[in-house]
Every structure is written in structure tokens, then in C-alpha cells.
Amino acid sequence: MVDPPSFPASASVDACPPETGQATLVRVENLKVHFPIRRGLILQRQVGSVKAVDGVSFAVRRGETLGLVGESGCGKSTLGRAILQLYRPTAGNVYFGGVDLTQLSPEELRRMRQRMQMVFQDPYAALNPRQTVGAIVGEPLTVFRVAGGKAQQERVRELLEVVGLNANFVNRYPHEFSGGQRQRIVIARALALKPDFIVCDEPISALDVSIQAQVINLLQSLQEQFGLTYLFIAHDLSVVRHISDRVAVMYLGKVVELADRDEIYQNPLHPYTQALLSAVPIPDPEVEARRKRIILKGDVPSPVNPPKGCNFHTRCPWVTEACRQDPPPAFREVSAGHFVACHRVP
């Protein structure tokens, strides 16, 4: 078997913000992504906006996995794409290695993309059915003129072996593979340019349960081999607990809580986090029978017109008048490394 490709040493970056005290790779500051709503066939007058991401700030440490959880429609995928500038933010800043991506020209941003990649949710839609596996995995090498000819062919074979596929699959097409194999091809393509940071946008949600563990183990193995940094977006809180070093909880465009994995699962402070964790099954019938479920009532408000005050107050079991009238205090550290935005947390 060919030795896996070696990754270059990562460049130095600015010190992490005060919440971590360690080196950081990605820092997001007050990021907003608002999609305009327009009416009229000719004038296309803007009559509102969808506040998909509405003032998010956090940092991702180099070499860690930051899990991002929340229910469908809360803005997780939009946030991941905005960090990579696939969606240009409405406001705010994204610093990658100390460089503000929001201020780069298209050509400067293009060069930076070699260090940032994404693994998409649906491996069936992420691959061009008209291209062979060799062409799919080798395309980034061609676009960025990293390798060509025989060198590119060898590199593609190396990458397929790194993700656990037979190197002789290079001449096959995506329809000849299972969902798990297709996701491995997507991961191989993401690794082609030796990135530092990968956004994993629900990379296992479209896969069979029997295959999910294999892909998770592969991502962890690659992280150890190459010193990768992940933003791992998912619905499955059990998977997030397994793979993440820290966890951020998102609701209606805002991050409401962030802490180390064990801290947030053992001591959730925000009512929404508590409700999410209460829905995770515990494989112990006695413990499961004793614990109290938190059932949220009502629907998630529209991001077009979020409620006054706290976004969560329309569903919160412990809502107060302050919650209805005023936004929660700024996202703040209430204990070492534990951040929350909630009126009821002292």
C-alpha cells in the first residue's frame, strides 16, 4: 500500500480569543447572513429578509472538533457555508489564520480555499455522475495546478487508499458505489489540497446506521494523521458527543450555549440545550425511566420575523417577562469555558 500523503506543517495563527487561551484557527465575530425577500417583477423591491444567521461569535481551536447542533432550519448549514464564504456574510467577520476572509478579493479568497474544504450532507448529490472517481478526486489538483499527468494519477490513488477505498476504483463512476463509499470519495476530494480546516455538514445523516460509525471513525483517524480541524454539524447528539471536543448549540440563527463536550452534556444551562439533551435515549432502562423529559410546545418562529426579546421565549418552559421584552445578555462566560446567552442563568 502506498504511504498516505503527508500534510505540511500548519502556519502560525493569532492567539485564540480570551475564552480559550490557546491557538485558534477560525474566529467568527458577530456573523450575520440575511437573505433578502423581494417582490415585484421589475423593481424587485426588498420587503424583508430571512435572518438565517443573526450575530454569531465563536472560535475553533486548531486541531479540535467543534460540534454544532440544533434543529432543522436553525441556520447550522448556512453558518458553515458562510465561514467558508460560499455564502457571503451580510455583516461580521471570519478570521482564518488571522486573515479576515470577508475582506479578501475573489482571487485572494480562491487561493485561501486550498486550506478550507467542505464535506456535504448528501454524497449522492455531491458527486458529478458524468465524471469518473479519478476525475472527481483529481479535479482540485487540476484547478489549483497542484499536480497533473502521472503525478496527479498517483496522488488520486493515494487519496483513495487513505480513505479506505481500492486505488483501482479510479475509472469507476459514482453510481457504482454505495452511499458510504461515495462519502469516502467526497472526503478524499476534500483532502486533495491538504486543507487545515474542514466543515462537515451532517456527513452521516444520509447514510445507513451500520455505515455511520465507519465514516465517523475514518474522520477521527484522518484528524489524527493530518492534524485536521473540524466544524462538525449534526442532528444526532450521541454522535456529536462521540466525535466533538466542544459543542455549540444553535437556535433560530444564534448560538445559545457553548462548552466542552462533557460539561455541556452533564451541566446544560440553557433551557433549549436541556430540552435537546432530554430527548437523547439512555441505554439504561432504570435511568431512562427516572429522568424527566422536557417537551417543547409550539413551533420554531420564522427567521423572517423572529420574536421580540429572546428568540426562544415562545417555547421556553421557564419564560419570564424579561425574556419577552429584552434580548438575553451578551453571550458570556459563566464558568471556565462555558458560554451561554440566557436571562435565567446568573
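## Helix H5

Let's start with H5, which has 13 residues and reaches 19 Å from its first C-alpha to its last, close to the 18 Å expected at 1.5 Å a residue. (Helices are DSSP runs of H or I with at least four residues, strands are runs of E with at least two, and both are numbered from the N terminus; the expected span of a helix is 1.5 Å times one less than its number of residues.) This is a predicted model, where local features need pLDDT of at least 70 and side-chain atom pairs count only at pLDDT 80 or more, while totals for chains, interfaces and linings use all residues. Residues are numbered from 1 along each chain as its sequence is written, and side-chain values use heavy atoms, with hydrogens and water left out.

How much of H5 is covered? Most of it: 12 of the 13 residues are buried, meaning under 20% relative accessible area, with exposed set at over 50% and partly exposed in between (1.4 Å probe, protein chains only). Among the buried ones are Gly179, Arg182, Ile185, Ile187, Arg189 and Leu191. The buried residues of H5 pack against E6, H3, H4, E7 and H6, where contact means heavy atoms within 4.5 Å.

## Helix H4

One of those partners, H4, runs over residues 149–162. Helix H4 has 14 residues and spans 20 Å from its first C-alpha to its last, close to the 20 Å expected at 1.5 Å a residue. Its buried residues include Gln152, Arg155, Val156, Leu159 and Val162, and the buried residues of H4 pack against helix H3 (133–143), H5 and helix H6 (209–226). After H4 comes glycine 164, with a positive phi near 85°.

The largest nonpolar core holds 61 residues. A core here is a set of buried Ala, Val, Leu, Ile, Met, Phe, Trp, Tyr and Cys residues joined through side-chain atoms within 4.5 Å. Val137, Ile185, Ile187, Leu191, Leu219, Leu222 and Phe232 have the most contacts inside it. Apart from that core lies another, of 33 residues, with Val28, Val33, Met116 and Ala248 among them.

## Positive phi values

Most residues other than glycine have a negative phi. You'll find asparagine 30 in strand E1 (residues 24–39), partly exposed at 42% relative accessible area.

Lysine 194 also has a positive phi, near 55°. Lysine 194 sits in the loop between helix H5 (179–191) and strand E7 (197–201), and counts as partly exposed at 32% relative accessibility.

## Pockets

The largest pocket has a volume of about 520 Å³. (On a 1 Å grid over the protein atoms alone, a pocket is an open set of points with protein on both sides within 12 Å along at least five of seven lines, a cavity is a set of points where a 1.4 Å probe fits but cannot get out, and lining residues have an atom within 4 Å of a point. Grid points are joined across faces, edges and corners, and a volume is the space filled by probe spheres set on the points.) Of its 32 lining residues, Gly55, Ser57, Val255, Phe331 and Ala341 are the closest to the centre. E2 gives the largest share of that lining, six residues. By class, the lining has 20 nonpolar, six polar and six charged residues; Ala, Val, Leu, Ile, Met, Phe, Trp, Tyr, Cys and Pro count as nonpolar, Asp, Glu, Lys and Arg as charged, and the others, Gly among them, as polar.

The second largest pocket has about 400 Å³ of space. Its lining counts 16 residues, and the closest to the centre are Arg113, Met116, Gln117, Pro140 and Arg189. Strand E6 (116–119), H3 and H5 each give two or more residues to this lining.

## Cavities and cysteine 316

Four cavities of 30 Å³ or more turn up in a search of the whole structure. The largest cavity has about 70 Å³ of space, and its lining includes His270, Cys310, Cys316, Cys323 and Cys342.

Is cysteine 316 buried or exposed? Cysteine 316 is buried, with a relative accessible area of 12%. Its place is the loop between helix H10 (285–290) and helix H11 (321–325).
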